[in-house]
Amino acid sequence: AGPAGPRQQGSAAPQQAAAQQQQQQQQRQPPSQESLRIHKAEEKGRVAYKVGGDLGQTERALRSVKGILNKLTPEKFERLLEQLLSVITSADILKHTISLVFENAVAQPTFCAMYADLCLSLSKELPSFPPAEGDDKPVMFRRVLLNTCQDEFEGAAAAREELALISSADERAAAEKRVKSRTLGTVRLIAELYRKEVVKEAIITVCLRELLEARDSSSSVPPEENVESACEMITVTGKMLAGSENKKARDTLDGYLARLSRLSSDKAMPSRLRFLVRPAQQQQQQQQGSAAFLGSRCLVQAAVTAWCLHVVCLAP
């Protein structure tokens with residue numbers, strides 16, 4: 001019986017060592033992707049979830065806003081508008097809501113007119129909020145919206161300038177598609193906001209100037225997406241600009257139509273873009289003055305062609 005004891009202890013030692021090694025490996029094992037995912041909240045409008053923690057009032061409101069916007073359709077517009085108005089109770093929630101509206105509109109350009117209607121309704125119904133610390137002006141919907149329009153428009157231009165820093169051809173091509181989509185979506189929403197008289201025509205003329213006077217470092221003509229975006233903006237806003245009581249606005253429209261006409265004959269322009277802006281040149285030759293722009297289909301055709309080509313480029 002004496003020798004049996006040591007043999008039993010000797011056989012148990014390797015088992016204990018194996019168990020300890022397995023336990024150490026489990027402790028060193030990285031967390032699963034699922035556990036990482038529920039803690040990650042990098043997208044705008046998302047709020048990080050903390051285990052055992054309670055969401056604050058602003059965080060709960062922003063989740064509600066995002067849910068409402070995701071369900072927004074023309075058929076549910078009035079009902080969801082009432083829900084949205086009841087959620088926006090502070091300047092902070094207001095600012096995040098406008099950012100989320102832009103995100104949804106750019107991602108769904110077909111519904112830009114609906115999101116412009118939403119902005120119009122919110123601008124009429126929402127009250128002003130107390131000014132932020134260090135500011136003496138109240139926080140109003142239209143003021144925040146104008147700042148957001150400027151930030152989004154300038155952000156698309158800045159993103160394009162950063163494309164040259166991407167060394168990988170595949171990554172650069174993918175980034176170019178994202179920038180083009182962002183630029184077109186932003187321009188379309190701003191144009192629809194002008195149609196609803198939420199933003200003033202000065203915003204449109206500034207956008208057209210920035211689009212058509214921009215230059216690539218290696219080219220004498222504007223970037224392709226800028227030309228397409230200018231055609232899109234003129235298509236949506238041209239009728240109102242042509243009928244404006246402001247002569248300066250009408251003259252500005254004439255000037256940029258002439259600019260498109262000159263671009264159509266510029267050999268530095270890709271043939272696809274020369275074809276795209278040629279209807280604008282025909283418009284200038286056949287009609288005298290901006291008043292004749294009313295009812296014209298030339299630029300509508302140009303913008304539709306641009307959008308179709310854009311969708312084809314984005315198709316997998």
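Mentor: Happy to! Let's start at cysteine 119, which is buried, with a relative accessible area of 3%. Keep in mind that what you see is a predicted model. Cysteine 112 is buried as well, its relative accessible area being 0%. For cysteine 119, the nearest cysteine sulfur is that of cysteine 149, 7.7 Å away. A disulfide calls for two cysteine sulfur atoms within 2.5 Å, so cysteine 119 is in no disulfide.

Now let's move to a helix, H6 (112–125), which is among the elements covering the buried residues of helix H3. Helix H4 (77–87) and helix H5 (91–107) are also included in that cover. H3 itself takes in residues 57–71, 15 residues in total. From its first C-alpha to its last, H3 reaches 21 Å, close to the 21 Å expected at 1.5 Å a residue. Its buried residues are Ala61, Leu62, Val65, Ile68 and Leu69. Looking down the axis of H3, you would find these buried residues within an arc of 125°, so they line one face of the helix.

Stepping back, the protein has 13 helices and 0 strands. Of its 316 residues, 38% are buried. Among contacts between residues at least 6 apart in sequence, 65% join residues at least 24 apart.

Methods. Residues are numbered from 1 along each chain as its sequence is written. This is a predicted model: local features need pLDDT of at least 70, side-chain atom pairs count only at pLDDT 80 or more; totals for chains, interfaces and linings use all residues. Side-chain values use heavy atoms; hydrogens and water are left out. Buried means under 20% relative accessible area, exposed over 50%, partly exposed in between (1.4 Å probe, protein chains only). Helices (H or I, at least four residues) and strands (E, at least two) are DSSP runs, numbered from the N terminus. The expected span of a helix is 1.5 Å times one less than its number of residues. The arc is that of the directions from the helix axis to the C-beta atoms. Contact means heavy atoms within 4.5 Å.
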